[in-house]
Amino acid sequence: MRPTTASLCITTKRVVETRDFYIRHFGARAVFDCGWYVSLEFETGLSLQFMEPQGEQPTCDTAGLTYNFCVDDVDDEHRAMTAVGLVPVMPIEDHPWGDRGFAIRDPNGITLCIYSNREPSHEFRQFYAPRIDHGL
């Protein structure tokens, strides 16, 4: 199999609240929204999907689920999100593995780790695979 895309769909009873959260705070746009299912797309072409349970389908247990969002300037994002009242569940800080980030939670309790890349400490450099130039 050679998928051309892959995305995660969270089953939740908070589809409308979730859609509005990602549109307001992450600049997503709804590319499909029939009320019980929404597909959100970000400028970069990345997407997330959320749907209400169908029939006896259970909702997702989001405990332990984390979405990682790499951004150009994590400090700007932190300022913007806290200015509108979002409360970080992890403070903004530098991490020795090679990023600076913080975390908030979406309406479903999914942890959203927002970070910018940094040079990793000597201790963590050994764990990175060499970058391959694909000529792109």
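Colleague: Which residues of α1 are buried, and how do they lie around the axis?

Modeller: A caution comes before the details: this is a predicted model.

Helix α1 runs over residues 15-26, which makes 12 residues. From its first C-alpha to its last it reaches 16 Å, close to the 16 Å expected at 1.5 Å a residue. Its buried residues are V15, T18, R19, F21, Y22, H25 and F26. Around the axis they cover an arc of only 165°, so they sit on the same side of α1. Just after α1, G27 takes a positive phi of about 70°.

One of the buried residues, R19, also takes part in a salt bridge. Its partner is D20, and the closest N and O atoms are 3.0 Å apart. R19 has a relative accessible area of 19%, and because the cut-off for buried is under 20%, R19 counts as buried. D20 has 38% relative accessibility and is therefore classed as partly exposed.

Read along the sequence, the chain goes β-α-β-β-β-β-α-β-β-β-α, with three helices and eight strands in total. An open sheet of four strands has the order β1-β4-β3-β2, and its pairing is mixed. Its edge strands are β1 (9-11) and β2 (29-33), each of which pairs on one side only. From one strand to the next the twist averages 25°. Within this sheet, β3 (residues 37-41) and β4 (residues 47-51) pair in the antiparallel sense, over five bridges. L40 has L48 in β4 as its bridge partner.

Back to the charged side chains: the structure holds eight salt bridges, and the R19 pair with D20 is one of them. Another joins D75 to R100, with the closest N and O atoms 3.0 Å apart. This pair links distant parts of the chain: D75 is in helix α2 (residues 74-83) and R100 in strand β7 (residues 99-105), 25 residues apart. R100 is buried, with a relative accessible area of 18%. D75 and R100 also belong to a network of salt bridges that takes in D94 and R118.

Helix α2 holds a further pair. The side chains of D76 and R79 meet in a salt bridge at 2.5 Å, N to O. Both residues lie in α2, three residues apart, which is about one turn of the helix. At 40% relative accessibility, D76 counts as partly exposed.

For the chain as a whole, 33% of the 136 residues count as buried. Among contacts with a separation of 6 or more, 50% come from residues 24 or more positions apart. Taken along the principal axes, the C-alpha atoms fill a box of roughly 50 × 45 × 25 Å.

To return to the request: the buried residues of α1, including F21 and Y22, lie on the same side of the helix, given their arc of only 165°.

Note on methods. Residues are numbered from 1 along each chain as its sequence is written. This is a predicted model: local features need pLDDT of at least 70, side-chain atom pairs count only at pLDDT 80 or more; totals for chains, interfaces and linings use all residues. Side-chain values use heavy atoms; hydrogens and water are left out. A salt bridge is a side-chain nitrogen of Lys or Arg within 4 Å of a carboxyl oxygen of Asp or Glu. Buried means under 20% relative accessible area, exposed over 50%, partly exposed in between (1.4 Å probe, protein chains only). Helices (H or I, at least four residues) and strands (E, at least two) are DSSP runs, numbered from the N terminus. The expected span of a helix is 1.5 Å times one less than its number of residues. The arc is that of the directions from the helix axis to the C-beta atoms. Two strands pair if DSSP finds at least two bridges between them. Axes are lines fitted to C-alpha atoms, for helices over the stretch in contact, and angles run from 0 to 180 degrees between N-to-C directions. Contact means heavy atoms within 4.5 Å.
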